[in-house]
Amino acid sequence: MIALVRYQFTVLLLSQRYLAPLLLFLGLVAVLTSSDTGPLAATYASVAGATLLCSVWLTMALVGLDDPAHRSIVVVSAGSHLRVLLGTVGAAAVWCLLLTAAGLVLPLIFGSHAPGVADLVLGVEAQLTCAFAGMAIGLVCSRLVFRRQGHALVLALVLLLAVLLGKGLSPVNIMLTDLHGTSDSVEALMPTGVSLAAAAGLLATGVAVTQAITLRKG
């Protein structure tokens, strides 16, 4: 599995398809956190929103790297479709962890904050919640599920709006609403942890749905 993750990570790195979502992430963080002096809970909520968008993009880019013939070769070498899919998820998670690290540090550079341990833990929880939800959306809107990428992009946009704006319907919306309404990071740790667990469940569902559709098509 580690070899698959390394392979997927390296292929995306060499393809340079990570550049657009990475630059978008850096630009959004710079705009959203520049000269910010407010509570870090709200700041990291804004950064998490950027992570959501970019994790969808990165996951779709990862899945779309290989054409069907080349992917079939990778599947045969790996032993199963599921192993390849999990390798893709693992590679996307590594990229999202890199975004999370940047998202923790950049607001401290662009703004004026005195972070505590609770602030940093909350930032990690918030960004991973959005990363997991974004990866789930990216999987179900990927080339494995949709042959026509125009349809996939429309669905991705709809799902993004749903998880962001659906009041109380998604862990992302619940978490972002809570974080924008609090200034106490310690108090927000537990509810955000619950949202993170729910987002992990969404990712597991996304993997299961994608795997089922992939096998049915195959």
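Is Thr 33 buried or exposed, at 1% relative accessibility? Thr 33 counts as buried because its relative accessibility is 1%, where buried means under 20% relative accessible area, exposed over 50% and partly exposed in between (1.4 Å probe, protein chains only). The model is predicted, so that local features need pLDDT of at least 70 and side-chain atom pairs count only at pLDDT 80 or more, whereas totals for chains, interfaces and linings use all residues. Residues are numbered from 1 along each chain as its sequence is written, and side-chain values use heavy atoms, with hydrogens and water left out.

Thr 33 lies in helix H2 (residues 19-33), helices being DSSP runs of H or I with at least four residues, numbered from the N terminus. Thr 33 touches Thr 43, Val 47, Pro 107, Phe 110 and Gly 111, not counting residues up to four places away in sequence, with contact taken as heavy atoms within 4.5 Å.

The count of aromatic pairs comes to two; rings of Phe, Tyr and Trp (its six-membered ring) pair if their centres lie within 6.5 Å, and planes under 30 degrees apart count as stacked, over 60 as edge-to-face and the rest as tilted. The rings of Phe 9 and Trp 95 are stacked, with centres 4.6 Å apart and planes at 20°, and this pair links helix H1 (residues 2-15) with helix H5 (residues 81-110) across 86 residues. Trp 95 is buried at 9% relative accessibility, whereas Phe 9 is partly exposed at 21%. The rings of Tyr 18 and Trp 95 are likewise stacked, their centres 5.0 Å apart and their planes at 25°.

Methods:
Helix = DSSP H or I, 4+ residues; strand = E, 2+ residues; numbered from the N terminus.
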